[in-house]
Amino acid sequence: MEITSDIKYIGVNDHSIDLFEGIYKVPNGMSYNSYVILDEKIAVLDTVDGDFTEQWFEKLEYTLNGKKPDYLIVQHMEPDHSANVVHLLEKYPATTLIATSKAFDMMQNYFGSDFEAKKMIVKDGEELSLGKHNLKFISAPMVHWPEVMVTYDETDKVLFSADGFGKFGALDIKDCWVKEARRYYFGIVGKYGLQVNNLMKKLAGKEIRCICSLHGPVLKKNIDAYIQLYEKWASYDPEEEGILIAFSSVYGNTKKAVYLLRDMMKKRGYYNVQIYDLTRCDMSEAVAEAFRFNKLVLATTTYNGGLFPAMREFINNLTEREFQNRTIALIENGSWASVAGKMMKDSFEKSKNIIFLEPYVKITSVLDKKSESDLKELAKVLSEKRKS
Ligand SMILES: Cc1cc2nc3c(=O)[nH]c(=O)nc-3n(C[C@H](O)[C@H](O)[C@H](O)COP(=O)(O)O)c2cc1C
Ligand SMILES: [Fe+2]
Ligand SMILES: [Fe+2]
(Lines give C-alpha, C1' and ligand atoms only; values in the text may rest on other atoms or scores of the structure.)
(Ligands and ions follow the chains in the order given, each with its own letter.)
Protein backbone atom coordinates (compact mmCIF):
# COMPACT_ATOMS: atom_id res chain seq x y z
CA MET A 1 0.00 0.00 0.00
CA GLU A 2 1.33 3.36 -1.04
CA ILE A 3 1.12 6.36 1.29
CA THR A 4 3.23 8.67 -0.85
CA SER A 5 5.37 7.69 -3.81
CA ASP A 6 8.26 6.88 -1.43
CA ILE A 7 6.41 5.79 1.73
CA LYS A 8 4.86 2.31 1.86
CA TYR A 9 2.64 0.58 4.41
CA ILE A 10 3.79 -2.87 5.56
CA GLY A 11 1.58 -3.39 8.64
CA VAL A 12 -0.58 -6.40 9.57
CA ASN A 13 -4.10 -7.10 10.86
CA ASP A 14 -4.67 -9.23 13.95
CA HIS A 15 -8.06 -10.94 14.08
CA SER A 16 -7.19 -13.55 16.68
CA ILE A 17 -6.52 -11.14 19.56
CA ASP A 18 -9.27 -11.08 22.20
CA LEU A 19 -7.93 -8.46 24.63
CA PHE A 20 -5.55 -5.63 23.69
CA GLU A 21 -2.97 -4.96 26.40
CA GLY A 22 -4.67 -7.71 28.40
CA ILE A 23 -7.75 -5.62 29.16
CA TYR A 24 -9.47 -3.92 26.18
CA LYS A 25 -11.98 -5.96 24.16
CA VAL A 26 -11.25 -5.62 20.46
CA PRO A 27 -14.10 -7.34 18.58
CA ASN A 28 -12.84 -5.88 15.31
CA GLY A 29 -9.25 -6.97 15.93
CA MET A 30 -6.21 -4.73 15.85
CA SER A 31 -3.68 -3.46 13.35
CA TYR A 32 0.04 -3.19 13.98
CA ASN A 33 1.37 -0.69 11.48
CA SER A 34 4.84 -0.49 10.05
CA TYR A 35 6.20 1.69 7.26
CA VAL A 36 9.11 1.89 4.84
CA ILE A 37 10.59 5.06 3.35
CA LEU A 38 12.36 4.30 0.06
CA ASP A 39 15.06 6.89 -0.62
CA GLU A 40 18.82 6.86 -1.24
CA LYS A 41 18.88 5.41 2.25
CA ILE A 42 16.00 3.17 3.24
CA ALA A 43 14.30 3.47 6.62
CA VAL A 44 11.83 1.07 8.23
CA LEU A 45 9.61 2.58 10.93
CA ASP A 46 8.80 0.09 13.68
CA THR A 47 8.13 -3.62 13.39
CA VAL A 48 4.98 -5.57 14.32
CA ASP A 49 3.73 -8.05 16.89
CA GLY A 50 5.61 -11.34 17.27
CA ASP A 51 2.69 -13.41 15.94
CA PHE A 52 3.08 -11.80 12.52
CA THR A 53 6.80 -12.04 11.86
CA GLU A 54 6.57 -14.03 8.62
CA GLN A 55 3.77 -11.97 7.13
CA TRP A 56 5.60 -8.76 7.94
CA PHE A 57 8.88 -9.96 6.43
CA GLU A 58 7.03 -10.94 3.25
CA LYS A 59 5.66 -7.42 2.94
CA LEU A 60 9.01 -5.87 3.82
CA GLU A 61 10.91 -7.94 1.26
CA TYR A 62 8.36 -7.26 -1.43
CA THR A 63 8.62 -3.53 -0.75
CA LEU A 64 12.41 -3.56 -0.59
CA ASN A 65 12.52 -5.38 -3.93
CA GLY A 66 16.01 -6.78 -3.38
CA LYS A 67 17.38 -3.78 -1.48
CA LYS A 68 18.35 -3.70 2.18
CA PRO A 69 17.18 -1.31 4.89
CA ASP A 70 19.76 1.17 6.15
CA TYR A 71 17.81 2.17 9.26
CA LEU A 72 15.22 0.71 11.59
CA ILE A 73 13.57 3.54 13.49
CA VAL A 74 12.14 2.23 16.78
CA GLN A 75 9.62 4.81 18.00
CA HIS A 76 8.06 2.70 20.73
CA MET A 77 9.30 -0.37 22.58
CA GLU A 78 5.96 -1.94 23.47
CA PRO A 79 6.20 -5.53 22.22
CA ASP A 80 3.38 -5.22 19.67
CA HIS A 81 5.76 -2.93 17.77
CA SER A 82 9.26 -4.02 18.74
CA ALA A 83 8.93 -7.83 18.67
CA ASN A 84 10.84 -8.12 15.40
CA VAL A 85 13.75 -5.76 16.03
CA VAL A 86 16.17 -8.65 16.59
CA HIS A 87 14.74 -10.62 13.66
CA LEU A 88 15.31 -7.68 11.35
CA LEU A 89 18.91 -7.27 12.53
CA GLU A 90 19.55 -10.98 12.02
CA LYS A 91 18.28 -10.78 8.46
CA TYR A 92 19.87 -7.42 7.65
CA PRO A 93 22.91 -7.11 9.94
CA ALA A 94 24.09 -3.85 8.40
CA THR A 95 20.99 -1.98 9.58
CA THR A 96 21.47 0.90 12.02
CA LEU A 97 18.95 1.14 14.85
CA ILE A 98 17.59 4.61 15.60
CA ALA A 99 15.80 5.26 18.89
CA THR A 100 15.88 7.39 22.03
CA SER A 101 18.36 6.61 24.76
CA LYS A 102 15.51 5.32 26.96
CA ALA A 103 14.43 2.96 24.19
CA PHE A 104 17.95 1.49 24.06
CA ASP A 105 17.81 0.93 27.83
CA MET A 106 14.60 -0.99 27.27
CA MET A 107 16.20 -3.00 24.46
CA GLN A 108 18.85 -4.12 26.93
CA ASN A 109 16.06 -5.46 29.13
CA TYR A 110 13.97 -7.00 26.37
CA PHE A 111 16.71 -8.37 24.13
CA GLY A 112 19.77 -8.63 26.42
CA SER A 113 21.65 -6.12 24.25
CA ASP A 114 21.52 -2.43 23.51
CA PHE A 115 23.15 -3.05 20.12
CA GLU A 116 26.11 -0.81 20.91
CA ALA A 117 27.72 -1.28 17.49
CA LYS A 118 24.53 -0.70 15.54
CA LYS A 119 22.82 2.05 17.45
CA MET A 120 22.19 5.70 16.77
CA ILE A 121 20.69 7.53 19.76
CA VAL A 122 18.56 10.49 18.76
CA LYS A 123 17.51 13.39 20.94
CA ASP A 124 14.47 15.60 20.69
CA GLY A 125 14.65 17.69 17.52
CA GLU A 126 17.50 15.78 15.87
CA GLU A 127 17.34 15.29 12.14
CA LEU A 128 18.41 12.68 9.62
CA SER A 129 18.59 12.92 5.85
CA LEU A 130 17.77 9.85 3.81
CA GLY A 131 18.61 11.69 0.58
CA LYS A 132 15.45 13.40 -0.57
CA HIS A 133 13.61 12.88 2.72
CA ASN A 134 14.57 14.81 5.81
CA LEU A 135 13.36 13.25 9.04
CA LYS A 136 12.96 15.06 12.34
CA PHE A 137 12.69 13.05 15.54
CA ILE A 138 10.44 14.48 18.24
CA SER A 139 10.46 12.93 21.68
CA ALA A 140 7.01 12.18 23.09
CA PRO A 141 7.56 10.78 26.59
CA MET A 142 4.51 8.99 28.07
CA VAL A 143 2.62 8.97 24.79
CA HIS A 144 2.37 6.24 25.80
CA TRP A 145 5.62 4.95 27.35
CA PRO A 146 8.62 7.02 28.50
CA GLU A 147 10.87 6.11 25.54
CA VAL A 148 8.43 7.13 22.80
CA MET A 149 9.33 9.46 19.96
CA VAL A 150 7.47 10.42 16.81
CA THR A 151 9.03 11.13 13.42
CA TYR A 152 8.17 13.96 11.05
CA ASP A 153 9.05 13.62 7.39
CA GLU A 154 9.65 17.23 6.36
CA THR A 155 9.73 16.33 2.68
CA ASP A 156 6.35 14.61 2.31
CA LYS A 157 4.87 16.34 5.42
CA VAL A 158 4.03 13.01 7.00
CA LEU A 159 3.83 12.53 10.75
CA PHE A 160 4.70 9.06 12.03
CA SER A 161 2.85 9.45 15.31
CA ALA A 162 3.66 6.20 17.20
CA ASP A 163 0.61 5.25 19.32
CA GLY A 164 -0.85 8.76 18.96
CA PHE A 165 -3.90 8.97 16.67
CA GLY A 166 -4.23 5.21 16.92
CA LYS A 167 -7.40 3.21 17.38
CA PHE A 168 -8.68 -0.27 18.06
CA GLY A 169 -9.77 -2.37 15.08
CA ALA A 170 -8.11 -4.07 12.13
CA LEU A 171 -7.85 -2.15 8.86
CA ASP A 172 -9.91 -4.61 6.80
CA ILE A 173 -13.02 -3.88 8.89
CA LYS A 174 -14.98 -0.68 8.49
CA ASP A 175 -15.98 1.00 11.74
CA CYS A 176 -16.39 4.42 13.27
CA TRP A 177 -12.93 6.03 13.66
CA VAL A 178 -13.86 8.43 16.42
CA LYS A 179 -15.61 5.85 18.60
CA GLU A 180 -12.74 3.38 18.61
CA ALA A 181 -10.06 6.09 18.67
CA ARG A 182 -11.72 7.71 21.70
CA ARG A 183 -11.97 4.40 23.54
CA TYR A 184 -8.32 3.71 22.67
CA TYR A 185 -7.15 7.22 23.66
CA PHE A 186 -8.90 7.38 27.02
CA GLY A 187 -8.14 3.75 27.81
CA ILE A 188 -4.47 3.90 27.01
CA VAL A 189 -3.14 7.47 27.17
CA GLY A 190 -6.01 9.26 28.92
CA LYS A 191 -3.95 9.60 32.07
CA TYR A 192 -1.20 11.47 30.18
CA GLY A 193 -3.10 14.46 28.80
CA LEU A 194 -0.32 16.83 29.89
CA GLN A 195 2.26 14.87 27.93
CA VAL A 196 0.00 14.58 24.89
CA ASN A 197 -0.48 18.35 25.03
CA ASN A 198 3.29 18.83 25.16
CA LEU A 199 3.62 16.79 21.99
CA MET A 200 0.82 18.75 20.31
CA LYS A 201 2.68 21.98 21.15
CA LYS A 202 5.85 20.64 19.54
CA LEU A 203 3.87 19.78 16.41
CA ALA A 204 2.10 23.15 16.23
CA GLY A 205 3.08 25.09 13.12
CA LYS A 206 4.19 22.01 11.21
CA GLU A 207 2.33 21.29 8.02
CA ILE A 208 0.94 17.77 8.35
CA ARG A 209 -0.62 16.18 5.27
CA CYS A 210 -0.80 12.68 6.57
CA ILE A 211 -0.66 10.90 9.93
CA CYS A 212 0.79 7.39 10.06
CA SER A 213 0.02 5.91 13.44
CA LEU A 214 1.05 2.49 14.74
CA HIS A 215 -2.60 1.35 15.02
CA GLY A 216 -5.55 2.12 12.79
CA PRO A 217 -5.87 3.76 9.41
CA VAL A 218 -3.46 6.23 7.84
CA LEU A 219 -5.16 9.62 8.13
CA LYS A 220 -5.00 11.67 4.95
CA LYS A 221 -8.02 13.98 5.06
CA ASN A 222 -9.25 16.60 7.56
CA ILE A 223 -5.97 16.47 9.47
CA ASP A 224 -6.80 19.67 11.36
CA ALA A 225 -9.98 18.08 12.73
CA TYR A 226 -8.02 15.12 14.10
CA ILE A 227 -5.46 17.43 15.66
CA GLN A 228 -8.15 19.58 17.26
CA LEU A 229 -9.86 16.51 18.66
CA TYR A 230 -6.59 15.31 20.18
CA GLU A 231 -5.97 18.74 21.70
CA LYS A 232 -9.44 18.63 23.22
CA TRP A 233 -8.97 15.14 24.62
CA ALA A 234 -5.54 16.02 25.99
CA SER A 235 -6.98 19.09 27.72
CA TYR A 236 -9.84 17.04 29.23
CA ASP A 237 -12.39 19.32 27.61
CA PRO A 238 -15.72 17.69 26.78
CA GLU A 239 -16.44 17.14 23.11
CA GLU A 240 -20.14 17.92 23.25
CA GLU A 241 -23.17 18.85 25.32
CA GLY A 242 -24.65 15.56 26.42
CA ILE A 243 -25.15 13.20 29.32
CA LEU A 244 -23.82 9.80 30.20
CA ILE A 245 -25.94 8.06 32.81
CA ALA A 246 -23.84 5.28 34.32
CA PHE A 247 -25.69 3.03 36.74
CA SER A 248 -25.66 -0.26 38.57
CA SER A 249 -28.68 -1.97 40.06
CA VAL A 250 -29.35 -5.26 41.84
CA TYR A 251 -33.15 -5.47 42.02
CA GLY A 252 -33.95 -2.98 39.29
CA ASN A 253 -35.10 0.07 41.24
CA THR A 254 -32.07 2.23 40.49
CA LYS A 255 -32.36 1.15 36.87
CA LYS A 256 -36.00 2.20 36.81
CA ALA A 257 -35.04 5.60 38.20
CA VAL A 258 -32.41 6.31 35.53
CA TYR A 259 -34.77 5.36 32.68
CA LEU A 260 -37.40 7.61 34.23
CA LEU A 261 -34.82 10.40 34.40
CA ARG A 262 -34.07 9.94 30.70
CA ASP A 263 -37.79 10.10 29.86
CA MET A 264 -38.13 13.27 31.92
CA MET A 265 -35.19 14.74 29.99
CA LYS A 266 -36.81 13.81 26.68
CA LYS A 267 -39.98 15.58 27.72
CA ARG A 268 -37.85 18.66 28.20
CA GLY A 269 -36.47 18.28 24.69
CA TYR A 270 -33.04 17.04 25.77
CA TYR A 271 -32.13 13.94 23.77
CA ASN A 272 -28.37 13.47 23.87
CA VAL A 273 -28.45 11.00 26.75
CA GLN A 274 -26.69 7.61 26.84
CA ILE A 275 -27.43 5.04 29.53
CA TYR A 276 -24.78 2.46 30.46
CA ASP A 277 -25.34 -0.45 32.83
CA LEU A 278 -21.88 -0.73 34.36
CA THR A 279 -22.12 -4.42 35.22
CA ARG A 280 -23.02 -5.38 31.65
CA CYS A 281 -21.40 -2.87 29.33
CA ASP A 282 -17.84 -2.62 28.10
CA MET A 283 -16.16 -0.58 30.83
CA SER A 284 -13.77 1.15 28.40
CA GLU A 285 -16.73 2.30 26.31
CA ALA A 286 -18.43 3.80 29.36
CA VAL A 287 -15.17 5.57 30.29
CA ALA A 288 -14.85 7.00 26.77
CA GLU A 289 -18.45 8.25 26.82
CA ALA A 290 -17.87 9.94 30.17
CA PHE A 291 -15.00 11.91 28.62
CA ARG A 292 -17.04 12.67 25.50
CA PHE A 293 -19.91 14.46 27.26
CA ASN A 294 -19.95 17.45 29.59
CA LYS A 295 -22.36 15.88 32.11
CA LEU A 296 -22.29 12.62 34.00
CA VAL A 297 -25.01 11.05 36.13
CA LEU A 298 -23.88 8.33 38.52
CA ALA A 299 -26.57 6.10 40.01
CA THR A 300 -25.81 3.17 42.25
CA THR A 301 -26.80 1.03 45.17
CA THR A 302 -25.12 0.92 48.53
CA TYR A 303 -23.30 -2.38 48.86
CA ASN A 304 -21.97 -3.80 52.13
CA GLY A 305 -21.43 -0.33 53.53
CA GLY A 306 -19.71 0.79 50.33
CA LEU A 307 -20.21 1.26 46.60
CA PHE A 308 -21.45 -1.40 44.25
CA PRO A 309 -18.23 -2.93 42.76
CA ALA A 310 -18.85 -1.96 39.11
CA MET A 311 -19.45 1.67 40.14
CA ARG A 312 -16.32 1.70 42.28
CA GLU A 313 -14.30 0.38 39.34
CA PHE A 314 -15.86 2.88 36.95
CA ILE A 315 -15.12 5.88 39.16
CA ASN A 316 -11.55 4.63 39.71
CA ASN A 317 -11.15 4.42 35.95
CA LEU A 318 -12.22 8.05 35.65
CA THR A 319 -10.23 9.53 38.50
CA GLU A 320 -7.00 7.73 37.61
CA ARG A 321 -7.37 9.24 34.13
CA GLU A 322 -7.58 12.76 35.60
CA PHE A 323 -11.32 13.17 34.95
CA GLN A 324 -12.06 16.90 35.25
CA ASN A 325 -13.98 19.87 33.85
CA ARG A 326 -17.32 18.08 34.13
CA THR A 327 -20.70 18.38 35.83
CA ILE A 328 -21.82 15.39 37.89
CA ALA A 329 -25.22 14.46 39.34
CA LEU A 330 -25.64 11.67 41.89
CA ILE A 331 -28.43 9.17 42.57
CA GLU A 332 -28.04 6.73 45.41
CA ASN A 333 -30.08 3.79 46.62
CA GLY A 334 -29.93 1.82 49.87
CA SER A 335 -32.34 -0.12 52.06
CA TRP A 336 -31.00 0.51 55.56
CA ALA A 337 -27.81 2.57 55.78
CA SER A 338 -27.27 4.38 52.50
CA VAL A 339 -23.76 5.72 51.90
CA ALA A 340 -23.33 5.49 48.12
CA GLY A 341 -23.97 9.18 47.42
CA LYS A 342 -21.37 10.46 49.83
CA MET A 343 -18.87 7.83 48.75
CA MET A 344 -19.30 8.69 45.07
CA LYS A 345 -18.85 12.38 45.81
CA ASP A 346 -15.78 11.78 47.96
CA SER A 347 -14.20 9.72 45.18
CA PHE A 348 -13.79 12.92 43.14
CA GLU A 349 -12.22 14.87 46.00
CA LYS A 350 -8.90 15.26 44.15
CA SER A 351 -10.46 15.83 40.71
CA LYS A 352 -10.22 19.33 39.26
CA ASN A 353 -13.15 21.52 38.28
CA ILE A 354 -16.04 19.19 39.04
CA ILE A 355 -19.45 20.76 39.66
CA PHE A 356 -21.97 18.62 41.58
CA LEU A 357 -25.55 19.33 40.65
CA GLU A 358 -28.40 19.67 43.12
CA PRO A 359 -30.65 18.02 43.95
CA TYR A 360 -28.85 14.92 44.88
CA VAL A 361 -31.41 12.10 44.63
CA LYS A 362 -31.68 9.62 47.46
CA ILE A 363 -33.85 6.54 46.94
CA THR A 364 -34.72 4.28 49.84
CA SER A 365 -35.31 0.89 48.19
CA VAL A 366 -37.93 2.12 45.72
CA LEU A 367 -38.87 5.46 44.20
CA ASP A 368 -41.40 7.40 46.27
CA LYS A 369 -43.01 10.83 45.97
CA LYS A 370 -40.00 12.70 47.36
CA SER A 371 -37.34 10.91 45.30
CA GLU A 372 -39.45 11.13 42.16
CA SER A 373 -39.93 14.85 42.56
CA ASP A 374 -36.18 15.23 43.18
CA LEU A 375 -35.58 13.27 39.99
CA LYS A 376 -37.91 15.64 38.14
CA GLU A 377 -36.04 18.63 39.50
CA LEU A 378 -32.72 17.02 38.52
CA ALA A 379 -34.04 16.50 34.99
CA LYS A 380 -34.81 20.20 34.86
CA VAL A 381 -31.36 21.24 36.07
CA LEU A 382 -29.61 18.77 33.76
CA SER A 383 -31.54 20.07 30.75
CA GLU A 384 -30.02 23.49 31.11
CA LYS A 385 -27.24 23.51 28.59
CA ARG A 386 -23.97 24.57 30.04
CA LYS A 387 -20.39 24.64 28.99
CA SER A 388 -18.65 22.24 31.36
C1 LIG B 1 -24.86 -7.70 48.88
C2 LIG B 1 -25.68 -6.50 49.23
C3 LIG B 1 -25.23 -5.59 50.15
C4 LIG B 1 -25.97 -4.47 50.48
N5 LIG B 1 -25.49 -3.60 51.39
C6 LIG B 1 -26.24 -2.52 51.76
C7 LIG B 1 -25.78 -1.57 52.72
O8 LIG B 1 -24.67 -1.70 53.24
N9 LIG B 1 -26.56 -0.53 53.06
C10 LIG B 1 -27.80 -0.34 52.50
O11 LIG B 1 -28.46 0.63 52.79
N12 LIG B 1 -28.27 -1.22 51.57
C13 LIG B 1 -27.50 -2.30 51.18
N14 LIG B 1 -27.97 -3.18 50.24
C15 LIG B 1 -29.33 -3.00 49.72
C16 LIG B 1 -29.41 -2.26 48.41
O17 LIG B 1 -28.54 -1.20 48.35
C18 LIG B 1 -30.82 -1.77 48.31
O19 LIG B 1 -31.75 -2.87 48.39
C20 LIG B 1 -31.15 -0.99 47.06
O21 LIG B 1 -32.46 -0.49 47.16
C22 LIG B 1 -31.05 -1.83 45.81
O23 LIG B 1 -31.38 -1.03 44.69
P24 LIG B 1 -31.74 -1.73 43.31
O25 LIG B 1 -33.18 -2.10 43.34
O26 LIG B 1 -31.44 -0.72 42.23
O27 LIG B 1 -30.86 -2.91 43.16
C28 LIG B 1 -27.22 -4.28 49.88
C29 LIG B 1 -27.69 -5.19 48.91
C30 LIG B 1 -26.92 -6.27 48.57
C31 LIG B 1 -27.42 -7.23 47.52
FE1 LIG C 1 1.85 1.65 23.27
FE1 LIG D 1 0.80 0.44 20.34
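**Iron site and a helix pair in a predicted model**

D163 bridges the iron ion (ligand 3) and the iron ion (ligand 2), which lie 3.3 Å apart. This is a predicted model, in which local features need pLDDT of at least 70 and side-chain atom pairs count only at pLDDT 80 or more. Residues are numbered from 1 along each chain as its sequence is written, and side-chain values use heavy atoms, with hydrogens and water left out.

Reader: Why is D163 called buried?

Author: Buried means under 20% relative accessible area, exposed over 50%, and partly exposed in between (1.4 Å probe, protein chains only). D163 has 3% relative accessibility and therefore counts as buried, and H215, at 0%, counts as buried too.

Reader: Why is helix 5 called roughly perpendicular to helix 9?

Author: Angles under 35 degrees count as roughly parallel, over 145 as roughly antiparallel, 65 to 115 as roughly perpendicular and the rest as oblique. Helix 5 (residues 177–189) and helix 9 (residues 283–292) pack at about 95°, with their axes 9 Å apart, which means that helix 5 is roughly perpendicular to helix 9.

Terms used. Chains are lettered from A and ligands numbered from 1 in the order in which they are written. Axes are lines fitted to C-alpha atoms, for helices over the stretch in contact, and angles run from 0 to 180 degrees between N-to-C directions. Helices (H or I, at least four residues) and strands (E, at least two) are DSSP runs, numbered from the N terminus. Donors are N, O and S atoms within 2.8 Å of the metal (3.2 Å for Na, K and Ca); water is not among the atoms, so sites may look incomplete.
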